[in-house]
Structure formats: C-alpha cells, structure tokens
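Me: I'm new to reading protein structures. Can we go through this one together, one question at a time?

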Amino acid sequence: MSAALDSLLDLLDLEQIEQDIFRGMSRSAVVPRVFGGQVAAQALVAAGRTVPDDRGAHSLHAYFLRPGDPGAPIVYSVDRIRDGRSFTTRRVVAVQHGKPIFHLSASFQVHEEGMDHQAVMPPAPDPETLPTAARMLPAYADRFADPRMVDRLLEARAAVDLRYVDAPPFATAGEPREPRSQVWFRTHGKLADDPLLHVCMATYVSDMTLLDSVLLAHGRGGWSVGDVVGASLDHAMWFHRPFRADEWLLYDQESPSSSGGRGLGQARIWTADGKLAITVIQEGLVRVPRD
C-alpha cells in the first residue's frame with residue numbers, strides 16, 4: 001500500500017466523539033477549499049458506522065452548501081431516519097465553524113436476489129496501456145498558470161491510479177470536443193475486504209473528473225487552467241453491484257446539458273469484466289471568469 005493511500009484511509013477513519021457524531025480532518029486540495037469527494041466519502045463513512053453490517057449502501061443524494069475550510073475539523077452528525085426490515089435510511093449534516101457545509105442522505109439495503117439486467121459496457125482501451133498521471137501531467141505543465149500545479153495535482157491524486165483514455169480538458173483548452181470523457185481508476189494498493197470502504201473510496205474518486213465533459217463541450221481547460229470557476233452543487237450515486245475500488249474501474253462520463261451557469265455530468269462506473277457497478281449524476285457551478 002502506498003503512503004498516500006494509507007494517509008487517505010486515515011482520513012476516512014473518522015473519530016467518534018459522541019453517539020452518532022463523528023469528527024474528520026481534511027487534506028490539501030487543488031482548489032483552496034475541502035475537496036468535495038472527501039466530504040462526501042467521510043459523510044458516507046459516518047452514516048455507515050450507524051448501520052448494521054448486513055446492509056450495504058445502495059444510494060446517496062447530497063448537496064454541497066458552503067466551501068469547506070481545509071484547516072479546520074469537520075463534524076458529522078447522523079440522524080437515524082429509518083430502520084426498516086429491508087432498508088435503512090440515514091441523514092448526515094457536516095458542520096464547520098457552526099454552519100452546515102454539506103448534507104447527505106444515504107440508503108442501505110439487506111442483500112436480496114431479484115430481476116437482473118444492465119446496459120452494455122462501452123468500448124475502452126486496456127488501462128495498463130494508458131499513461132500514468134506521473135507520466136502524463138508533466139507534459140502539460142505549460143498549460144497551467146501556476147508552476148506548482150503539476151505537483152499539486154499529483155499530490156491530490158497520489159492515493160489513486162487515475163488514467164485518462166483521451167486527453168483531459170486542460171490538454172485541449174480552446175478546442176471544443178464531444179462532451180464525453182473516460183478514465184480508468186483504482187487505488188494505489190489493496191484495500192481491506194470491507195464493502196463500505198470500497199463504496200466510500202469510489203465516492204471519493206467520483207468527484208474528481210465528473211464535470212470534465214462539461215468543460216470539453218466548450219473547450220475550457222478547467223479550474224487548474226483558470227478559464228472557469230466553479231464548484232460541485234449536488235451529487236447522487238446508485239450502487240448496483242459489488243465491486244472493489246482497488247481493481248480497475250472504468251468511469252464513463254458525459255454531459256447532456258449546461259445552462260444558467262451550471263453544468264450537468266452523468267456517468268456509469270464499470271468493473272473491468274463489464275459489470276455495471278455505479279451510476280453517478282452531478283450538477284456543478286461552471287462560470288466563465290469575468291474580465
């Protein structure tokens with residue numbers, strides 16, 4: 001296991017300070033606020049800590065309310081909304097400096113058999129044939145206004161092996177493309193056999209690239225380039241089938257719409273053997289900076 005992954009696992013191992021109340025810390029991000037995927041993953045950890053072990057997460061719906069302060073702890077308060085025979089529902093509010101910064105509702109279900117069908121996995125190259133971030137990012141160093149950006153991006157993604165199928169938005173800024181993006185990802189090291197941990201890790205990664213397809217449609221390079229400003233507004237995920245976040249997962253993303261200063265990204269996450277594992281939808285604030 002890499003040191004970066006070990007550090008991320010420590011970040012997700014929340015401190016319980018009272019019944020249904022947990023505290024988490026933050027790590028540095030590319031932007032000067034708490035990374036949204038971190039808050040979502042920690043909130044799901046908090047919810048899962050109050051749920052019986054025989055119930056797995058099957059969906060979450062969340063809103064990002066305020067930018068998080070990376071220098072301050074985050075307190076997660078869990079409400080036990082419902083404990084039914086098959087489903088358990090939890091609501092989590094993340095608080096900093098006395099104000100809510102994030103709100104999540106999550107549902108958990110006892111495993112059961114039922115009707116089963118899925119879409120067909122889209123074509124994608126073998127992830128092992130694609131360049132790693134350490135190889136790919138330095139080639140685009142001249143695209144970033146901040147000379148430290150390559151190092152910051154590598155640090156932010158050090159726990160995850162994330163490989164772009166096609167050129168990322170910052171590589172083709174100024175050239176509108178089809179609003180579609182694919183990346184393969186897995187953690188840099190093996191994880192414990194805890195289904196909640198794998199779900200939380202996928203939640204963490206899901207906020208890294210989902211709005212790339214919005215940027216591609218308009219030829220924008222993104223926050224690291226500085227030709228847009230924005231933030232995640234809401235996030236929803238449905239967990240369909242078991243998967244491991246330490247094995248290759250294909251994140252197939254597209255944007256059906258952007259308007260009103262907002263962009264919508266939707267995606268499916270597939271296992272390497274073609275099983276549809278997760279569906280993700282996110283809307284983000286995407287604005288062109290004013291002169």
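Me: How do the residues lining the largest cavity divide into nonpolar, polar and charged?
Reply: Keep in mind that this is a predicted model. The cavity has a volume of about 30 Å³, and its lining includes Tyr 164, Pro 168, Arg 177 and Asp 212. Sorted by type, the lining residues come to 5 nonpolar, 2 polar and 3 charged.

Me: OK, on to the largest pocket. Which residues are closest to its centre?
Reply: This pocket holds about 1,200 Å³ of space. It is lined by 32 residues, and the closest to the centre are Ala 57, His 111, Phe 239, His 240 and Pro 242.

Me: Which residues in the largest nonpolar core touch the most other members?
Reply: Start with a general idea: in soluble globular proteins, nonpolar side chains tend to be buried together. Here helix 2 (residues 36-48) gives the largest share of the core, 8 residues. The core has 69 residues, and the ones touching the most other members are Tyr 76, Phe 102, Met 201 and Ile 278.

Me: What is Ile 278 in contact with, leaving aside neighbours within four places in sequence?
Reply: Ile 278 is one of the residues that touch the most other members of the core. With those sequence neighbours left aside, its contacts are Ala 202, Met 237, Trp 238, Phe 239, His 240, Phe 243, Ala 267, Arg 268 and Ile 269.

Me: Does the whole chain's radius of gyration agree or disagree with a compact globule?
Reply: The C-alpha atoms fill a box of roughly 55 × 45 × 40 Å along the principal axes. A compact globule of 291 residues would have a radius of gyration near 19 Å, and the chain has 18 Å, so the two agree.

Me: Is Val 34 buried or exposed?
Reply: First, find Val 34 in the loop between strand 2 (21-24) and helix 2. Leaving aside neighbours within four places in sequence, Val 34 is in contact with Ser 26, Val 39, Gly 68, Asp 69, Pro 70 and Ile 74. Its relative accessible area is 7%, and the cut-off is under 20%, so Val 34 counts as buried.

Me: Asp 20 and His 97 both have a positive phi. Is His 97 buried or exposed?
Reply: Most residues other than glycine have a negative phi. His 97 has a phi of about 50 degrees and lies in the loop between strand 5 (87-96) and strand 6. With a relative accessible area of 61%, which is over the 50% cut-off, His 97 is exposed.

Me: What about Asp 20, buried or exposed?
Reply: Asp 20 has a phi of about 65 degrees and sits in the loop between strand 1 (15-18) and strand 2. Its relative accessibility is 12%, under the 20% cut-off, so Asp 20 is buried.

Methods. Residues are numbered from 1 along each chain as its sequence is written. This is a predicted model: local features need pLDDT of at least 70, side-chain atom pairs count only at pLDDT 80 or more; totals for chains, interfaces and linings use all residues. Side-chain values use heavy atoms; hydrogens and water are left out. On a 1 Å grid over the protein atoms alone, a cavity is a set of points where a 1.4 Å probe fits but cannot get out, and a pocket is an open set with protein on both sides within 12 Å along at least five of seven lines; lining residues have an atom within 4 Å of a point. Grid points are joined across faces, edges and corners, and a volume is the space filled by probe spheres set on the points. A nonpolar core is a set of buried Ala, Val, Leu, Ile, Met, Phe, Trp, Tyr and Cys residues joined through side-chain atoms within 4.5 Å. Buried means under 20% relative accessible area, exposed over 50%, partly exposed in between (1.4 Å probe, protein chains only). Helices (H or I, at least four residues) and strands (E, at least two) are DSSP runs, numbered from the N terminus. Contact means heavy atoms within 4.5 Å. The radius of gyration is taken over C-alpha atoms; the globule rule is 2.2 Å times the number of residues to the power 0.38. Ala, Val, Leu, Ile, Met, Phe, Trp, Tyr, Cys and Pro count as nonpolar, Asp, Glu, Lys and Arg as charged, and the others, Gly among them, as polar.
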